[in-house]
Amino acid sequence: MQIKTRFAPSPTGFLHIGGVRTALFCWLFARHAGGKFVLRIEDTDARRSTPESIDAILQGLEWVGLDWDEGPVFQSDRFARYTELATALLARGQAYHCYCTPEELAAMREAQIAAGQNPRYNRKCRDGAAPRAGISPVVRFKTPRDGEITIHDAVRGPVVYANAELDDLVIMRADGSPTYHFSVVIDDADMQITHVIRGDDHLNNTPRQINLIEALGFGRPEYAHLPMILGEDGTRLSKRHGAVNILEYREQGYLPDAVLNYLVRLGWSHGDQELFTLDEMIELFRLEDVNASASRFSSEKLAWLNQQYIIRSPAAELAPGLDAQLRAIGLDPDSGPAVADVIEGFRERATTLRELAEACGYLYRDFDAFEAKAAKKHLRPVIRDGLNDLREAFAELGGWEAAAIQATIQAVADRRELGFGKLGQPLRVAVTGGGVSPPIDVTIELVGRERSLTRIDAALAYIDARAAAAEHR
């Protein structure tokens, strides 16, 4: 038997972290078994489904690299199949037309709630109902009244539901469109899905779908219901926790492999290992190792993991991403050092490529003023002669490499009887505008000779102006 899984999002919004985690587990299970991964778009709700959402889903999956073997299959293209099987259930007496109006159903629910009962359809039309003028009926499934359904869940073990607790669900709406429960079991059967891996918010749907599967004469797939992802405060994951469009993580400068590595650890583990290559995930992933307990999403842990990937990834692989981030914040990558060289210098100082782009902005754009606190502390008259000596030495320096720059700073510091840092930190403020940067020799090399000389001149002028102002006080 060939293993076959599917990811089946509804295009009624963006693809968020929880959806990507589900898609990842489906994808890993299929890839581990040498099977197939199917992408299905469940767009039967025409009022809420949008082309923009479909595009966001496809782009999101492509960005994280979860490729599909079949699809995307659109449910909206399969209405004839759903109608065919609904008609067959009606003909066999396993479904019926229901003419109850929305108002009657609302009154029914209110009465049940008032009586302390669980609200459900009271099967008024189950044994036959005459057509009513002006009312287009829905089609309801005749759920068995007796017996029970046992779900052998790969994550949770056996879960039992009594049929008496289930109602006669609608399988075809009055407008002729199928409901989720009906279309999903038909699609899974027609597409030969062997394993349904989805969030545990679907667990209560499963007994209803199994009853439909048996009525339609289909084989039952294996089920695995993944634990919920909670926010850091223990509440349901929402936008404020990070459940945003997955593409926003791309815009913020996260790396797709880091996002997948983080998500695979939300509910699954392999010993104490934290970092996984994609090949390792495929090799090691097993549904038996998925924890049934809810996981908590941590933005801080994701940022840490992303930084590990930035530190470990070849600069050439990161360069296109940093190039895009520089452009996104209005900087021209062609106006400064090679992006790959910048990554080597800054990679340990940023958790995302966006942070890295913002940190290295002074390499691509001149600044108008020094940071007030840093300038006040380091650009003082006492350091003027040392900076001036550095300016002259840099102008005459033959090669512009970090080692030569380091030696030049050290030589000037020794001649002036200064500690390296006593000269290096004012130099840093002069060429970057602030007090934080990579090692000063690397920083100066990346800034470039001409920019460095110009900025040291500006720092000397600042010191002179500061001294003149002090004299007039």
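**Figure 1. P227 in a loop.** P227 sits in the loop between β10 and β11 (229-230); strands (E, at least two residues) and helices (H or I, at least four residues) are DSSP runs, numbered from the N terminus. The model is predicted: local features need pLDDT of at least 70, side-chain atom pairs count only at pLDDT 80 or more, and totals for chains, interfaces and linings use all residues. Residues are numbered from 1 along each chain as its sequence is written, and side-chain values use heavy atoms, with hydrogens and water left out. At 1% relative accessibility, P227 counts as buried. Buried means under 20% relative accessible area, exposed over 50%, and partly exposed in between (1.4 Å probe, protein chains only). Leaving aside neighbours within four places in sequence, P227 is in contact with R21, R156, D200, G267, V290, N291, A292, S293 and A294, where contact means heavy atoms within 4.5 Å. The C-alpha atoms of P227 and D201 are separated by 8.6 Å, and these two residues are 26 residues apart along the chain.

Figure 2. P221 lies between α6 (206-216) and β10. P221 is buried, with a relative accessible area of 9%. Not counting residues up to four places away in sequence, P221 touches I193, T194, H195, V196 and I213. K4 is 217 residues from P221 in sequence, but the distance from C-alpha to C-alpha is 9.9 Å.

**Figure 3. The pairing of β9 and β10.** Strand β9 (residues 195-199) is largely enclosed by the rest of the structure, because five of its five residues are buried. β9 pairs with strand β10 (residues 222-226) in the parallel sense over five bridges; two strands pair if DSSP finds at least two bridges between them. The bridge partner of I197 in β10 is A224. In a regular strand the side chains alternate between the two faces of the sheet.

**Figure 4. I149 in strand β6.** I149 belongs to strand β6 (residues 148-153). With a relative accessible area of 4%, I149 is buried. Not counting residues up to four places away in sequence, I149 touches V159, V160, Y161, N163, P207, I210 and N211. I149 and A324 are 175 residues apart along the chain, and their C-alpha atoms are separated by 53 Å.

**Figure 5. D389 in helix α15.** The helix that holds D389 covers residues 384-396. D389 is buried, with a relative accessible area of 13%. Residues up to four places away in sequence are not counted here; D389 touches V412, R415 and R416.

**Figure 6. The whole chain, for orientation.** The protein has 19 helices and twelve strands. Along its principal axes the C-alpha trace spans about 100 × 50 × 40 Å. The radius of gyration is 32 Å, whereas a compact globule of 473 residues would have one near 23 Å; the radius is taken over C-alpha atoms, and the globule rule is 2.2 Å times the number of residues to the power 0.38. Of the 473 residues, 50% are buried. Among contacts with a separation of 6 or more, 76% are between residues 24 or more positions apart.
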